[in-house]
Amino acid sequence: SQQHNRQQVNMLRQAVVRCSRAANQAPQKRNMAGGPFPNNLGVKKNKFIEEWNGRREITEKSFNASGKTVPWIIFLGVVFPYGVFSITKSELRKTGGRRYDDML
């Protein structure tokens, strides 16, 4: 029983030491763009690029399905791909392409 208690105390002590090491480590300082360029290179953030990048990350929150966007989504998601498929199919049929039978 005493040996079991010692093992538990030892395990707890190791866990505390491991956690305190992780908490004491300072976060790594990153340079601009996270690359090899030093901070004194004179690179400045472009506020328009930063705004665009931020909006790109939250597109699903800022997207509105309206009367203008729904037809474009249908066109680009259904009509255009089917048009490309049908043109490709007709070209393969005319030229006797070897993959025409695979498409059917």
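Residues are numbered from 1 along each chain as its sequence is written. In this predicted model, local features require pLDDT of at least 70 and side-chain atom pairs count only at pLDDT 80 or more, whereas totals for chains, interfaces and linings use all residues; side-chain values use heavy atoms, with hydrogens and water left out.

The chain contains five helices and zero strands, where helices (H or I, at least four residues) and strands (E, at least two) are DSSP runs numbered from the N terminus. The order of elements from the N terminus is α-α-α-α-α. Of the 104 residues of the chain, 1% are buried, with buried denoting under 20% relative accessible area, exposed over 50% and partly exposed in between (1.4 Å probe, protein chains only). The accessible surface of the chain amounts to about 10200 Å², and 58% of this belongs to carbon and sulfur atoms; areas were computed by the Shrake-Rupley method with a 1.4 Å probe, and for residues only the protein chains shown count as cover.

Gly 96, with a positive phi near 70 degrees, follows H4.

Three aromatic pairs were counted, under the criterion that rings of Phe, Tyr and Trp (its six-membered ring) pair if their centres lie within 6.5 Å, with planes under 30 degrees apart classed as stacked, over 60 as edge-to-face and the rest as tilted. Phe 75 and Phe 80 form a tilted pair, at 6.4 Å centre to centre and 50 degrees between the planes. Phe 75 is partly exposed at 35% relative accessible area, and Phe 80 is likewise partly exposed, at 48%. The rings of Tyr 82 and Phe 85 also form a tilted pair, with centres 6.2 Å apart and planes at 40 degrees. Both residues of this pair, Tyr 82 and Phe 85, lie in H4, three residues apart, about one turn of the helix. Tyr 82 is exposed at 57% relative accessibility, whereas Phe 85 is partly exposed at 37%.
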